[in-house]
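Subject: The structure and what turned up in it

Hi,

Here is the structure I promised to pass on. Have a look first, and my notes follow below.

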Amino acid sequence: MALGRARPSRIPTLPQGETVAQYDTYLAAQQAVDHLADKEFPVQNVTIVGTDLQMVERVLSRLSYSRVAIGGALSGAWFGLFVGLLFSLLGDSGEPLLFPAIFIGAGFGMLFSVISYSLSRGRRDFTSVSQIVASHYALLCSIELAHRARMLLDDVGGVVRGAPAPTPAPSDGPSVSPAP
């Protein structure tokens with residue numbers, strides 16, 4: 001580890017800084033940070049924050065006994081390959097143990113996956129992939145460097161200007177200025 005570098009805290013904390021840009025996709029936010037890095041901006045002062053998080057589950061396919069059996073056989077074969085390699089490397093006998101271990105692993109993998117699928121009784125007859133996505137991605141930057149980051153990101157777009165100057169509250173009556 002290099003001296004003088006601050007290590008990120010292992011304790012979850014809210015991000016600090018000022019919002020300098022906002023994007024609809026993570027890819028756009030990532031490209032903005034890459035643009036800052038290309039301009040030799042100290043990107044260690046930038047944080048990408050996803051807001052309005054949603055869990056999205058994309059359904060891939062329908063499950064059937066044949067799909068479950070094939071998937072179980074393949075995963076069991078991988079485990080059998082691993083066990084067979086261990087026995088082949090550590091064993092003293094001259095017998096080849098690799099292929100029998102692969103076939104035994106495939107058989108047990110198929111058996112256990114079909115049994116567990118039949119016990120589910122059709123409650124989940126599909127495969128899917130889940131991911132957490134955000135509706136918007138904000139770029140936060142330390143307050144000292146926020147103005148410079150905004151200037152550099154003008155080329156990319158998505159820049160969020162700082163807080164507007166406060167406007168005076170309207171009064172009910174005519175404004176009267178004090179006499180000099």
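A search of the whole structure finds three aromatic pairs; rings of Phe, Tyr and Trp (its six-membered ring) pair if their centres lie within 6.5 Å, and planes under 30 degrees apart count as stacked, over 60 as edge-to-face and the rest as tilted. Each such pair of rings is described by the distance of the centres and the angle of the planes. One of them is edge-to-face: Tyr65 and Tyr117, at 4.9 Å centre to centre with 85° between the planes. This pair links distant parts of the chain, with Tyr65 in helix H2 (residues 65–90) and Tyr117 in helix H3 (residues 98–119), 52 residues apart. Helices here are DSSP runs of H or I with at least four residues, strands are runs of E with at least two, and both are numbered from the N terminus.

How exposed or buried are these two tyrosines? Tyr65 counts as partly exposed because its relative accessibility is 47%, while Tyr117, at 12%, counts as buried. The cut-offs are under 20% relative accessible area for buried, over 50% for exposed, and partly exposed in between (1.4 Å probe, protein chains only).

Phe108 and Phe112 form a stacked pair, with 5.9 Å centre to centre and 25° between the planes. They are four residues apart in helix H3, so about one helical turn separates them. Phe108 is partly exposed at 46%, and Phe112 is exposed at 52%.

Before going further, a word on the source: this is a predicted model, in which local features need pLDDT of at least 70, side-chain atom pairs count only at pLDDT 80 or more, and totals for chains, interfaces and linings use all residues. Residues are numbered from 1 along each chain as its sequence is written, and side-chain values use heavy atoms, with hydrogens and water left out.

Now for the chain as a whole. The protein chain has four helices and three strands, in the order β-α-β-α-α-β-α along the sequence. Of its 180 residues, 22% count as buried. The accessible surface comes to about 13700 Å², and 62% of that belongs to carbon and sulfur atoms; these areas come from the Shrake-Rupley method with a 1.4 Å probe, and for residues only the protein chains shown count as cover. Taking contact to mean heavy atoms within 4.5 Å, 83% of the contacts between residues at least 6 apart in sequence join residues at least 24 apart.

Helix H1 is worth a look on your screen. The 13 residues of H1 should span 18 Å at 1.5 Å a residue, and the end C-alpha atoms are 18 Å apart, which agrees; the expected span is 1.5 Å times one less than the number of residues. Buried in H1 are Ala29, Ala32, Val33, His35 and Leu36. Seen down the helix axis, these buried residues fall within an arc of 155°, so they line one face of H1; the arc is that of the directions from the helix axis to the C-beta atoms. Leu27 and Asp38 are exposed on the other side of H1.

What do the buried residues of H1 pack against? Their partners are strand E1 (18–23), strand E2 (46–62), strand E3 (126–141) and helix H4 (146–153).

Ala32 is buried because its relative accessibility is 0%. Leaving aside neighbours within four places in sequence, Ala32 is in contact with Tyr23, Leu139, Leu153 and Val156. Ala32 and Asp155 are 123 residues apart in sequence, yet 9.5 Å apart in space, C-alpha to C-alpha. His35, at 16%, also counts as buried. Not counting residues up to four places away in sequence, His35 touches Leu152, Leu153, Asp155 and Val156. The His35 side chain also reaches the backbone oxygen of Leu152 at 3.0 Å.

Finally, two backbone angles. Glu40, in the loop between H1 and E2, has a phi near 60°, a positive value in a residue other than glycine. Glu40 is exposed at 68%. Asp52 lies in strand E2 and has a positive phi too, near 55°. Asp52 counts as exposed, at 51%.

Definitions and conventions: Polar contact = N/O pair within 3.5 Å; in protein donor to acceptor, adjacent residues only side chain to side chain.
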